Amino acid sequence: ERTGVIVYSIYGKTRKPTPEMLKNIDALVFDLQDIGCRSYTFISTMGLAMEACAENGVEFIVLDRPNPLGGERVEGPMLEDKFRSFVSQWDIPYVHGMTTGELARMINGEGWISKPCKLTVVPMKGWKRSMTWEDTGLPWVPTSPHIPHGDSPMFYVATGVLGELMAANIGVGYTLPFQTIAVTNINMHEFAETMNAYNLPGVRFKPVTYKPYYATYKGESVSGVQVYFTDPRRAPLMAINFYAWEGLKKTAGVDLFAIAVNAKRGFDMFDKVNGTDKVRHALQQGKPAAEIVASWAAGEKQFRNDRKKYLIYR
């Protein structure tokens with residue numbers, strides 16, 4: 001209103017800029033702070049906008065920003081084509097360890113859009129791959145309501161996939177978004193002991209109890225664990241989702257899939273976010289979390305190799 005600039009939404013029915021939106025502009029500038037994982041849709045929007053620019057002869061400029069998870073972390077299953085969606089748009093692991101500028105170069109270079117766009121990446125100064133958000137010294141502006149702090153992206157990766165079952169509360173609907181894993185009728189102290197006994201590096205779990213004011217278990221008293229990162233660089237974020245699933249079953253026989261089935265919730269979004277249904281089938285078959293996490297190693301290694309030529313920062 002203050003500037004008179006026309007604003008178009010590309011988060012809703014329209015996810016890709018239309019020719020009308022791009023008419024009479026020389027370049028489209030992407031200046032968004034991503035959080036570093038496949039399901040957060042800023043990078044899906046970026047690639048679709050790149051494709052629209054290519055089709056309409058418009059330059060695409062990325063003002064690069066830090067990956068708050070750092071540039072060394074690569075975790076999670078690769079995307080299978082039949083699970084491609086707005087929350088899993090590109091052939092990358094769940095945690096890709098790239099900046100938006102680097103990822104734009106890969107989207108263009110690997111032919112993941114209909115034709116390559118004229119791409120310019122404006123690089124950062126002073127960013128190193130080893131940096132998490134805290135290391136940058138920059139203030140964090142919430143990228144969405146449940147990502148309020150600079151360490152929120154870490155919690156999002158650690159519990160967000162599990163939360164897609166809507167069978168455990170993960171702090172959404174309370175004051176700790178993505179920082180908890182809680183259900184009804186469980187001994188939170190025993191659950192915390194079970195989780196800490198896994199000895200996952202860089203993370204500890206402490207008992208917590210609260211009452212969500214919306215979302216899963218709205219208005220009910222839930223108990224479980226709160227996640228604390230003691231060494232953010234070493235913590236295996238994506239793995240926490242599946243150790244928590246196993247830990248709930250081990251502690252109190254809580255089967256999140258059974259809860260989801262009884263509540264008539266589907267697994268569509270869970271599979272889309274994972275980019276595969278192999279994770280769900282492995283969990284349903286009772287395979288240990290350690291085995292599921294180990295199954296990603298080959299894909300992670302291949303991706304590290306494939307992304308090398310697109311990296312800007314060393």
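Asp-255 is partly exposed, with a relative accessible area of 23%; here buried means under 20% relative accessible area, exposed over 50%, and partly exposed in between (1.4 Å probe, protein chains only). Its side chain meets that of Lys-249 in a salt bridge (3.6 Å, N to O), a term that asks for a side-chain nitrogen of Lys or Arg within 4 Å of a carboxyl oxygen of Asp or Glu. Please keep in mind that this is a predicted model: local features need pLDDT of at least 70, side-chain atom pairs count only at pLDDT 80 or more, and totals for chains, interfaces and linings use all residues. Residues are numbered from 1 along each chain as its sequence is written, and side-chain values use heavy atoms, with hydrogens and water left out.

**Salt bridges**

- Lys-249, the partner of Asp-255, is partly exposed as well, at a relative accessible area of 36%.
- Salt bridges with shared partners also join Lys-16, Glu-51 and Glu-55 into one network.
- Searching the whole structure gives 14 salt bridges.
- One of them connects Glu-75 with Arg-73 (2.9 Å, N to O), and both of these residues are buried.
- Another is formed by Glu-80 and Lys-278, whose closest N and O atoms are 2.8 Å apart.
- That pair links distant parts of the chain, 198 residues apart: Glu-80 sits in the loop between strand 2 and helix 3, and Lys-278 in helix 10 (residues 278–284).
- Lys-278 counts as exposed, because its relative accessibility is 55%.

**The 4-6-5 sheet**

- Helices (H or I, at least four residues) and strands (E, at least two) are DSSP runs, numbered from the N terminus.
- Three strands build an open, antiparallel sheet in the order 4-6-5; two strands pair if DSSP finds at least two bridges between them.
- Strand 4 (180–183) and strand 5 (203–210) are the edge strands, each with a single partner strand, so one side of each has no neighbour in the sheet.
- From one strand to the next, the twist averages 20°; axes are lines fitted to C-alpha atoms, for helices over the stretch in contact, and angles run from 0 to 180 degrees between N-to-C directions.
- Four bridges hold the antiparallel pairing of strand 4 with strand 6 (residues 222–229), and Ala-182 has Gly-224 in strand 6 as its bridge partner.
- Helix 7 (residues 237–252) packs on the sheet and touches strand 4, strand 5 and strand 6, with its direction at about 20° to that of strand 4; contact means heavy atoms within 4.5 Å.
- Helix 5 (residues 152–163) lies across strand 4 and strand 6, running at about 145° to strand 6.

- Helix 3 (residues 100–109) is largely enclosed by the rest of the structure, because eight of its 10 residues are buried.
- Among the buried ones are Glu-102, Leu-103, Met-106 and Asn-108.
- The buried residues of helix 3 pack against strand 1 (27–30), helix 2 (42–56), strand 2, strand 3 (119–122) and helix 12 (297–307).
- Just after helix 3, Gly-111 adopts a positive phi of about 70°.

**A nonpolar surface patch**

- Val-29, Leu-63 and Val-122 make a nonpolar surface patch of about 200 Å².
- Leu-63 belongs to strand 2 (residues 59–63) and counts as partly exposed, at 30% relative accessibility.
- Patches are made of residues with over 30% relative accessible area and no salt bridge, where like charges are joined within 9 Å and nonpolar side chains (Val, Leu, Ile, Met, Phe, Trp, Tyr) within 5 Å.
- Accessible areas come from the Shrake-Rupley method with a 1.4 Å probe; for residues, only the protein chains shown count as cover.
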